Amino acid sequence: MDEIRGTATGTAPVPLSVLDLVTVGSGRTAGEALRTSVDIVRLAERRGYHRHWVAEHHSMPGVASSSPAVILAHLAAHTVRIRLGSGGVMLPNHAPLVIAEQFGTLEALAPGRVDLGLGRAPGTDGATAAALRRTERLGSPMPEAGGEGADEFPQQLAELTRFLDDDFPDGHPYARIHAIPGPVQATSPGGVQSTARPPIWLLGSSGFSARLAGVLGLPFAFAHHFSAQNTIPALDLYRDTFRPSAALDAPYALIGVSALASGDAREARRQVMTGALSMLRLRSGRPGLIPTPEEAEAYAFTPLEREFVDSWLGNVVHGTPDEVRTGLDDLQKRTGADELMITANAHGGEARLRSYELIADAYGMPDGVH
């Protein structure tokens, strides 16, 4: 089985996957949001979606995905086939060894179906990022990096990769340090551990990670859902700079796309307005729980706010199942994406679940895929 490339099911032009932000709506709890994530991953597995990723965010009341590895372990216990991964872990927030240990553990729990998607942004504001990095390492350079932060991302990535592969060269300060679970257990006396480890993906919303993924020959995931104007330039850059590697012999790019289907187009619009208002508040420095449809309908938008919301919704594929299918097909043709990763932003879990079901129906994806 190819651990990176997926297989399209039904009439979908490319594999379809799920990006789950574990959103918390007004009047709902984080526990309810996490239970919804279990419902979504079970549905996604049953209907033939290829993978289910969760994204790291911090200090955002409406997003309960601050600990991707913990959530993925929980989802692994409720699934048997679907690939699970981070979309992504924000590497500058963590020591590479910790990430290698976490995802080595996940690989042991769900062998052969874990993805490690990495981002170079903190996934939060500067003050929260500083709190996340409360460590002595802040004051001293890393052996393979000039310090902490997004600017050192390539060096942090190199260090993480060596921990995952357990191949620091002799004489390196970390040569005798091993990420456990990991490959060293296979070479220890009596070891029967697999040497497999999760494939690394690079995530991005601009050209930096696109170029790095291309140069390193890694799969690339682009955040079209919040940086649509950069999608085609970033994908072109990725493909132009791609060099074959042990991971991939040809470029493979997925894009995250915000999409929501409903049996009624007006209801779909009503639901996506909750996500739009939530994003407006976030961009205005007022993050909170995802508002209800009624709250979004009653909100008095200023002309400038209305302009932002209209622009945001211009990149959200929403409507009836047929309209969403057409929108996703058109987006795939325009970008040449090898995979579409759908995130459904709405207040309630019911609307999100129904949307993934309706999209699967629209593509004739069989029910009960194993």
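A salt bridge is a side-chain nitrogen of Lys or Arg within 4 Å of a carboxyl oxygen of Asp or Glu. The exercises below use a predicted model, in which local features need pLDDT of at least 70, side-chain atom pairs count only at pLDDT 80 or more, and totals for chains, interfaces and linings use all residues. Residues are numbered from 1 along each chain as its sequence is written, and side-chain values use heavy atoms, with hydrogens and water left out.

**Exercise 1. Salt bridges**

Find which residues are linked with Asp 367 in a network of salt bridges.

Solution. Start with the network: Arg 46, Arg 47, Glu 357, Asp 361 and Asp 367 are linked by salt bridges. Next, take one pair. Asp 367 and Arg 46 meet through their side chains at 2.7 Å, N to O. This pair links distant parts of the chain: Asp 367 sits in the segment after helix 13 and Arg 46 in helix 1, 321 residues apart. Helices (H or I, at least four residues) and strands (E, at least two) are DSSP runs, numbered from the N terminus. Arg 46 is partly exposed, with a relative accessible area of 31%. The cut-offs are under 20% for buried, over 50% for exposed, and partly exposed in between (1.4 Å probe, protein chains only). The whole structure holds 20 salt bridges.

**Exercise 2. Arg 270 and helix 10**

Work out which parts the salt bridge between Glu 294 and Arg 270 ties together.

Solution. The closest N and O atoms of Glu 294 and Arg 270 are 2.7 Å apart. Glu 294 belongs to helix 10 (residues 293–298) and Arg 270 to helix 9, so the bridge ties together parts 24 residues apart in sequence. Finally, compare surroundings. Arg 270 is partly exposed at 21%, Glu 294 is partly exposed at 45%, and Glu 297 is exposed at 53%.

**Exercise 3. Helix 13**

Explain why helix 13 is largely enclosed by the rest of the structure.

Solution. Count first: 10 of its 14 residues are buried, so the structure around helix 13 largely encloses it. Among the buried residues are Arg 352, Glu 357 and Ile 359. Then look at the cover, which includes strand 1 (16–20), helix 1 (30–47), strand 7 (253–261) and helix 12 (321–335). Ile 359 shows this in detail. Beyond neighbours within four places in sequence, Ile 359 is in contact (heavy atoms within 4.5 Å) with Leu 16, Tyr 49, Ala 261, Val 324, Leu 328 and Ile 342. After the helix comes Gly 364, with a positive phi near 60°.

**Exercise 4. Strand 7**

Determine how many residues of strand 7 are buried, and which strands pair with strand 7.

Solution. Nine of the nine residues are buried. In a regular strand the side chains alternate between the two faces of the sheet. Ala 253, Ile 255, Val 257, Ala 259 and Ala 261 point one way, while Leu 254, Gly 256, Ser 258 and Leu 260 point the other way. For pairing, DSSP must find at least two bridges between two strands. Strand 6 runs parallel to strand 7, with three bridges; Phe 220 has Ala 253 as its partner. Strand 9 is also parallel, with five bridges, and Val 257 is partnered by Ile 342. Strand 8 (residues 316–319) is parallel too, with four bridges, and Ala 259 is partnered by Val 317.
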